[in-house]
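Trainee: I'd like to learn how to read aromatic rings in a structure. Can we work through one together?

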Amino acid sequence: MSPYTHARAVVIGGSIGGLTTALLLRDLGFEVDVFERTPTPLDGRGGGIVLQPDTVRWFAERSNQDPEALSTATEYVQYLGARNEIVHRERRHWTYTSWGTFYRALLADFGTAHYHLGEFACGVSQDADHATVRFVSGRRAAAELVVFADGITSVGRRVLDPESTMEYSGYVGWRGTVPEHTLPADVRELMGNAISYSVVPHSHITLYPIPGETGTGPRDRLMNYVWYRNVPAGGELAEMLIDKRGFTGSVSLHPGQVQDRYVDEMRETAAKVLAPAAAEVVTATEQPYVQVVSDVRSAKMADGRIALLGDAASAARPHAAAGTAKAAADGWALADALTAADGDIPAALRKWEPAQLELGARLLARVKDMGERSQFRNTWTPGDPDLRFGLYGPVR
């Protein structure tokens with residue numbers, strides 16, 4: 001019998017990192033409850049995920065679902081010039097999924113009986129035997145282990161490291177998707193089997209095909225992109241982050257809520273500066289949205305029976321395509337530490353923390369440098385191997 005058979009675990013945050021961790025903890029014998037603050041099932045807004053090994057490991061090793069049914073793939077990485085000429089191309093196989101597709105697959109494996117929506121955690125305390133999470137609804141949840149996987153605005157991080165703060169990078173990511181089959185044939189042919197970049201002064205865009213909401217076939221796929229654009233901190237950024245309802249976003253603005261004048265300017269600029277194929281995708285996006293690119297890192301990931309993982313512990317800019325991989329890697333390492341600890345949860349967390357702190361620090365330093373190269377130093381050079389994706393470093 002597992003030493004955790006009669007133990008309870010609470011996971012705060014029901015996104016990809018939280019669900020992966022919840023599934024692994026349940027496999028160890030824990031009774032696991034996941035609490036997600038949104039009142040309805042999560043919406044990935046169609047965003048894409050590059051499937052690195054840690055991200056997809058649950059489906060490769062323990063799920064009955066076929067990871068290939070959740071993904072698309074390309075064989076090349078290429079850089080496009082001002083007239084759509086290929087200025088650099090190399091063979092690199094990558095697979096992708098959409099955020100919503102991957103989330104729904106994880107939730108299907110976990111089930112909904114212990115997945116609680118509309119519960120916003122606001123505090124946590126602990127004694128020698130249990131940690132207790134408090135929710136704004138008045139609910140309390142006590143468990144032998146509490147894992148905060150609640151993202152960049154983590155409540156748990158404010159408890160474990162109250163001095164950690166988000167630092168704005170100086171730029172935002174414009175994101176969106178377009179049904180691939182609606183793009184001109186020459187654009188589909190050029191970009192359908194590649195990660196494509198268009199690099200311009202103080203900016204770049206990355207594009208790749210992902211599954212649609214209905215599948216991975218040619219008429220289901222979406223062309224997904226993120227375009228990094230500098231926006232000065234202060235009044236200019238603050239005004240941009242007021243949505244059409246008059247609410248201010250600190251992390252992102254949802255599709256359909258970005259003020260029309262900013263969308264119009266974005267489309268006009270895309271047509272002027274990006275490679276024509278990339279501009280075709282951007283200008284065809286019906287409801288682009290904005291992600292604020294920020295950095296944050298907690299000095300602690302564990303305290304007694306409380307753990308932080310993924311973006312709750314350290315948020316990495318998207319340049320290495322490693323955010324979801326880092327969250328999954330934290331979860332797998334936690335499961336390994338718990339297995340080795342033979343029931344001693346605080347000891348497991350103490351053993352787990354140093355390596356995951358180091359992994360987060362290395363990733364954050366790397367993606368900050370990548371962002372500086374693109375947005376401020378103009379040294380993002382096509383073909384430079386240091387600019388490749390990878391959680392543990394550039395994939396060679």
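**Reading the rings**

Mentor: Let's begin with a charge and a ring: Arg229 lies over the face of Trp227, at 4.7 Å from the ring centre. Keep in mind that this is a predicted model.

Trainee: Which ring does Arg89 lie over?

Mentor: That one is Tyr76, with Arg89 over its face at 3.9 Å from the ring centre.

Trainee: Now for rings with rings. How many aromatic pairs does the structure hold?

Mentor: Ten. One of them is Tyr4 with Phe30, at 4.7 Å centre to centre and 15° between the planes, a stacked pair.

Trainee: Why does Tyr4 count as buried?

Mentor: Because its relative accessibility is 2%, and buried means under 20%. Phe30 counts as buried too, at 3%.

Trainee: And what do I look at to describe a ring pair in general?

Mentor: Two things: the distance of the centres and the angle of the planes.

Trainee: Are Tyr197 and Trp380 buried or exposed?

Mentor: Both are buried.

Trainee: Which residues do ring pairs link into a cluster?

Mentor: Tyr79, Tyr197 and Trp380.

Technical notes:
Residues numbered from 1 in each chain as written. Predicted model: local features only at pLDDT ≥ 70, side-chain atom pairs only at ≥ 80, totals over all residues. Heavy atoms only, no water. Phe/Tyr/Trp six-rings, centres within 6.5 Å; stacked < 30°, edge-to-face > 60°. Buried < 20%, exposed > 50% of the residue type's maximum accessible area, 1.4 Å probe, protein only. Lys NZ or Arg CZ within 6 Å of the ring centre and 35° of its normal.
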